[in-house]
Amino acid sequence: MGLAHFAVKLDGNKIANPRHLINSSHNLRRKQKALSRKKKGSANRRRARMQLAAVHEPVASARADFQHKLSRAIVDRNQAVIVETLKAAYMMKNHHLARAIGYAGWSGFITKLEYKAAEKGVNLVKLEQWFAISKTCHCCVHKMPAMPLNKRIWQCPECGTEHDRDINAAINIQHKGITELMAAGHVVKAHRGLRKSGSMPVAA
């Protein structure tokens, strides 16, 4: 999961971040400024707070709808789902990214995946944040010493493989998740199916 794209799947499918908040940002800023000018405890401030909430409500609803549809599609198509869990609170200390991270709602999306997976009997593996997934070559496991965020394509100096940063991370997530699935007694087939109650694919 990320900011440039909401999620990048193992098959290379990059799911764009919805722009509901960006499209409403001008109106939100105007309402927030109006609220900040009102006297605390006044009727005008209560009215301004209600007007601001009215702008936030459709944005929150649109985000929830997007996450519900995406999580449902992922759970319905797979017998196992592997996701990384990001420490959003820590990442939001970067003030340049805090707003975008807060809006992305990664934890809410994982929660939706979790209960939908439980309802359908789908295996969900939640990995703790693995800091080197983007800069570790999934082919030879060579780890790059450093890589700026704006470098989206890189070549492994060890084996020469060229990587899309996000797809490489998704593959590393898959590898680690499959290890955990196998440790739990599942037999993962070579084509990324999960053999225990069928051979549907594993999504990462």
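Are phenylalanine 6 and phenylalanine 109 buried or exposed? Phenylalanine 6 is buried, and phenylalanine 109 is buried as well. The views below come from a predicted model.

**View 1. Phe6, Phe66 and Phe109 make up one aromatic cluster.** The structure contains two aromatic pairs. In one of them, the ring centres of phenylalanine 6 and phenylalanine 66 are 5.2 Å apart and the ring planes stand at 80 degrees, so this pair is edge-to-face. Phenylalanine 6 belongs to strand β1 (residues 5–8) and phenylalanine 66 to helix α2 (residues 43–77), so the contact ties together parts that are 60 residues apart in sequence. Phenylalanine 6 has a relative accessibility of 1%.

**View 2. Phenylalanine 6 also pairs with phenylalanine 109.** The centres of these two rings are 5.1 Å apart, with the planes at 80 degrees, so the pair is edge-to-face. Phenylalanine 109 sits in helix α5 (residues 106–120) and phenylalanine 6 in strand β1, and the pair links these distant parts of the chain, 103 residues apart.

View 3. Cysteine 140 is partly exposed, at 29% relative accessibility.

**View 4. Cysteine 159 and cysteine 137 are likewise too far apart for a bond.** The sulfur of cysteine 159 has its closest cysteine sulfur in cysteine 137, 3.6 Å away. Cysteine 159 has a relative accessible area of 37% and counts as partly exposed. The count of disulfides in the structure is zero.

Note on methods. Residues are numbered from 1 along each chain as its sequence is written. This is a predicted model: local features need pLDDT of at least 70, side-chain atom pairs count only at pLDDT 80 or more; totals for chains, interfaces and linings use all residues. Side-chain values use heavy atoms; hydrogens and water are left out. A disulfide is a pair of cysteine sulfur atoms within 2.5 Å. Buried means under 20% relative accessible area, exposed over 50%, partly exposed in between (1.4 Å probe, protein chains only). Rings of Phe, Tyr and Trp (its six-membered ring) pair if their centres lie within 6.5 Å; planes under 30 degrees apart count as stacked, over 60 as edge-to-face and the rest as tilted. Helices (H or I, at least four residues) and strands (E, at least two) are DSSP runs, numbered from the N terminus.
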